[in-house]
Amino acid sequence: MSGNITWQKSSFSGGDDNQNCVELAEADGQILLRESNAPGTIITTDRTKLRAFLLGVKAGGFDHLVG
């Protein structure tokens, strides 16, 4: 994985750098996801799988997990 990774926070996390949130980046053709409070744990996926996941979230497919 390349050394210079630029992480992007959700606009929902607010402007404060102390806000914990999910961050995304792209490196070497992969999409990387991490939680800002656990930056050493990184999940990798690709654009197709991330798109399918986001469409599922938008459609309410995971609402039962958040109460």
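Phe53 counts as partly exposed, at 41% relative accessibility. In this predicted model, one aromatic pair is counted. The rings of that pair belong to Phe53 and Phe62, with centres 5.2 Å apart and planes at 50 degrees, so the pair is tilted.

**Aromatic pair**
- Phe62 has a relative accessible area of 34% and is partly exposed.

**Sheet and helix**
- Four strands form an open sheet in the order E1-E2-E3-E4, and their pairing is antiparallel.
- Strands E1 (8-9) and E4 (38-45) are at the edges with a single partner strand each, so one side of each has no neighbour in the sheet.
- Strand E2 (residues 22-27) runs antiparallel to strand E3 (residues 30-35), and six bridges join the two.
- Helix H1 (residues 47-58) packs on the sheet and touches E2, E3 and E4; the direction of H1 makes about 50 degrees with that of E3.

**Arg34 and its surroundings**
- Arg34 lies in strand E3, where it is the bridge partner of Glu23.
- The side chains of Arg34 and Glu23 also make a polar contact, at 2.6 Å.
- Arg34 counts as buried because its relative accessibility is 18%, and the cut-off for buried is under 20%.
- Apart from neighbours within four places in sequence, Arg34 is in contact with Trp7, Cys21, Val22, Glu23, Pro39, Thr41 and Ile42.

How values were computed: Residues numbered from 1 in each chain as written. Predicted model: local features only at pLDDT ≥ 70, side-chain atom pairs only at ≥ 80, totals over all residues. Heavy atoms only, no water. Pairing = 2+ DSSP bridges. Contact = heavy atoms within 4.5 Å. Axes fitted to C-alpha atoms, helices over the stretch in contact; angles between N-to-C directions. Phe/Tyr/Trp six-rings, centres within 6.5 Å; stacked < 30°, edge-to-face > 60°. Buried < 20%, exposed > 50% of the residue type's maximum accessible area, 1.4 Å probe, protein only. Polar contact = N/O pair within 3.5 Å; in protein donor to acceptor, adjacent residues only side chain to side chain.
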